[in-house]
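Dear colleague,

I am passing on the structure below, together with notes on its cavity, its pocket and the interface between its chains. Please read them beside the coordinates.

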Amino acid sequence: MTAPTAAAQQDVAAYALRLGDDALVLGQRLCEWAARSPQIEEDVALLNLALDHLGAARTLLTYAGGLAGPGGAGVVRTEDDLAYLRDEGDWTNALVMEVDGGDFGQTMARQLLVAAYQLPLWQALSSSADPEIAGVAGKSVKEVAYHLDHARSWVVRLGDGTAESHRRVQAGLNEVWPYAFELFERDALTTRLVDAGVAADPLLLEPQWRATVEAVLAEATLTVPETTWRPTGGRSGAHTTGFGYLLAELQHLHRSHPGATW
Amino acid sequence: MTEFTSAGGHGAVPVTGVPSDERGARRSQPLWEVFVRSRRGLSHTHVGSLHAPDAHMALRNARDVYTRREEGVSIWVVPAAEVVASSPDEKDAFFDPAGDKAYRHPTFYDVPEGLTHL
């Protein structure tokens, strides 16, 4: 076996960082529901989901930070360096992960759109040529299968529930819907990594995503939004206004008290 | 006679003659009793209760609330209103007569070595 080139390692590090940033940012958004959920059972459920994402994020950020050392710029960065000490422009998560959770209906709509993408994503990555990414994928497939089941259960109940719950979840869906399509963009990095057998092909994920989502929306008596607005830029560090506030909450303790432990 | 049912796993409480909140929040989120089997070969054990709008969500809530630290391999949820419980008024008639029947305990046998779950 030949050693991977530095450039190839940098690609894998950048891809792992995208996956890790997606997981960490969505996990942080879900944590905002702590002690604010409609019922205490749901409070625990949402934080369980957040912890699943946090677990994946830790492994992926540690991996990305380590690869950037030997193969790349020569500086190993820890998971904490990457989570707490990067500014907005250095984050590569997709915008749908950071978009405001709104009310419970909007959060469930976002959960549906993301889980319906992550299930086929992690399924594909289970056979990634990169053993570390394949390992994370193997664990995440089971977790996200539950995330999808959870989101589907709620979207159907809210959509096919009362007039008010239907109105709210439809409004939430309309709000987050345009952000989902960035997930299926293929840029130079993903193209190289798809060819190398490391990354999942985003173009192949979209039809699976759409079939899953549309089936749930039909059952929930919800309407597929018609907007053609397609915000993008998260992968290259261009984020929404709310993202700075999210980072402030995530990072302020570590930045105010470097090295703090408990 | 007053009707009793289980509530919250805390034994029997009367279900009639009790003022209830009719505004809907709790009515649409009835109580469910949760039973978890910790591993194969053991019985399902009552672990607590929770509120959920229907059986499907009750099962998922139970998964999230009661098995998040690897406590179980199987879950049952049962509508608390469907649990028929003995009444505290009947305690003496139900349970006291068993108090002086030591010969009903299987303590007069030698237990074979290595026998588990007895």
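The largest cavity holds about 70 Å³ of space, and the structure has one cavity of 30 Å³ or more. By cavity I mean a set of points, on a 1 Å grid over the protein atoms alone, where a 1.4 Å probe fits but cannot get out, lining residues being those with an atom within 4 Å of a point; grid points are joined across faces, edges and corners, and a volume is the space filled by probe spheres set on the points.

This is a predicted model, in which local features need pLDDT of at least 70 and side-chain atom pairs count only at pLDDT 80 or more, whereas totals for chains, interfaces and linings use all residues. Residues are numbered from 1 along each chain as its sequence is written, chains are lettered from A and ligands numbered from 1 in the order in which they are written, and side-chain values use heavy atoms, with hydrogens and water left out.

Among the residues lining the largest cavity are Asp52(A), His53(A), Trp122(A), Glu143(A) and His147(A). The largest share of this lining, four residues, comes from α6(A), where helices are DSSP runs of H or I with at least four residues and strands are runs of E with at least two, numbered from the N terminus.

The largest pocket (an open set with protein on both sides within 12 Å along at least five of seven lines) contains about 870 Å³ of space. Its lining comprises 24 residues, with Asp80(A), Tyr84(A), Leu250(A), Leu253(A) and Trp262(A) nearest the centre, and α2(A) gives the largest share, seven residues.

Turning to the interface, twelve residues of chain B are in contact (heavy atoms within 4.5 Å) with twelve residues of chain A. Together the two chains bury about 1200 Å², 47% of it on carbon and sulfur atoms, buried area being the accessible area (1.4 Å probe) that two parts lose on being put together, summed over both. Two salt bridges are counted between chain B and chain A, the criterion being a side-chain nitrogen of Lys or Arg within 4 Å of a carboxyl oxygen of Asp or Glu; one of them joins Arg60(B) to Asp149(A) at 2.4 Å, N to O. On the side of chain B that touches chain A, β4 (45–51) and α1 (55–66) of chain B each give two or more residues, and α1(B) provides the largest share, seven residues.

With best wishes
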